[in-house]
Amino acid sequence: MNARFTLAALVVSTSLAGCAGMTHRAGPMAMATLEATKGNTTVGMVMFHQRGEQILVHARIEGLKPGQEHGFHIHEKGDCSSGDGMSSGGHFNPAGKPHGAQDADHHAGDLPALKADAQGRADAKFQLMGVTIGSGAADIVGRGLIVHAMPDDYRTQPTGNSGARIACAVIVRHQP
Ligand code: CU
Ligand code: ZN
């Protein structure tokens, strides 16, 4: 199965099943199609649904290291052109906070780490506060999304020390 076919299958299964329950609710939506950076094989689809002050996130990703955690962040720039993810800049941080975990002070773009299963896949749903879709300074549309090679330690400033950028996406507005 080649990467393109795998990605297409992910897109279809995400839109038909994975997010069906959320897709029909009102509110702004965005999506990101993660593509592997040079030398890597990680791909995925991430949907963002705003409901009031919360963003529901559903990430389906494959090609991760089996059984490992991977740092996962919204980065400042929606630019994957460098091929290694570095063109997406640092973590999205409109409120000027330190890097951290969800239950502490953190960048708006800091996300819960992805936990890969034994097949190197992750299917994660979580809620985010402090960002918006399509309005204001904390708008994630046009920002980058990065999967890292290593776990996020939630302490090292300003990156979490999660290593190389193995997949990159631009977050785009999504109209159902
Ligand atoms: Cu990152
Ligand atoms: Zn951060």
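These legends walk you through several close-up views of a predicted model.

**View 1. Four residues hold the zinc ion (ligand 2).**
Start with the zinc ion (ligand 2) and look for its protein donors: His 91, His 99 and His 107, each through its ND1 atom, and Asp 110 through OD. These donors lie 1.9 to 2.0 Å from the zinc ion. What is the geometry of the site of the zinc ion (ligand 2)? The site is tetrahedral, with angles of 101 to 121° among the four donor atoms. Now try finding the donor residues in the sequence, where their spacing reads H-x7-H-x7-H-x2-D. Are His 107 and Asp 110 buried or exposed? Both His 107 and Asp 110 are buried.

**View 2. Three histidines hold the copper ion (ligand 1).**
Here the protein donors are His 73 (ND1), His 75 (NE2) and His 148 (NE2). They sit 1.9 to 2.0 Å from the copper ion (ligand 1). Along the chain, the donors of this copper ion follow the pattern H-x1-H-x72-H. Notice how distant parts of the chain are linked: His 73 belongs to strand S5 (residues 72-75) and His 148 to strand S8 (residues 144-148), with the two histidines 75 residues apart. Why does His 73 count as buried? His 73 counts as buried because its relative accessibility is 0%, and the cut-off for buried is under 20%. His 148 also counts as buried, because its relative accessibility is 4%.

**View 3. Strands S1 and S2 form a hairpin.**
Follow strand S1 (residues 29-36) and then strand S2 (residues 43-51): the two run antiparallel and are joined by six bridges. To get your bearings, find Ala 32, which stands opposite Val 46 in S2. Between the two strands of the hairpin there are six residues. Gly 39, in the turn, has a positive phi of about 85°. While you are looking at strands, keep a general point in mind: in a regular strand, side chains alternate between the two faces of the sheet.

**View 4. Strand S1 is also joined to strands S10 and S9.**
Stay with S1 and look for its other bridges. Which residue in S10 is the bridge partner of Met 31? The partner of Met 31 is Val 172. S10 (residues 172-174) runs antiparallel to S1, and three bridges join them. Strand S9 (residues 165-170) is antiparallel to S1 too, with two bridges between them. On that side, Ala 36 stands opposite Ala 167 in S9.

Technical notes
Residues are numbered from 1 along each chain as its sequence is written. Chains are lettered from A and ligands numbered from 1 in the order in which they are written. This is a predicted model: local features need pLDDT of at least 70, side-chain atom pairs count only at pLDDT 80 or more; totals for chains, interfaces and linings use all residues. Side-chain values use heavy atoms; hydrogens and water are left out. Donors are N, O and S atoms within 2.8 Å of the metal (3.2 Å for Na, K and Ca); water is not among the atoms, so sites may look incomplete. Four donors count as tetrahedral if all angles lie between 85 and 135 degrees; four count as square planar and six as octahedral if opposite donors are over 155 degrees apart and all others between 65 and 115; anything else is irregular. Buried means under 20% relative accessible area, exposed over 50%, partly exposed in between (1.4 Å probe, protein chains only). Two strands pair if DSSP finds at least two bridges between them. Helices (H or I, at least four residues) and strands (E, at least two) are DSSP runs, numbered from the N terminus.
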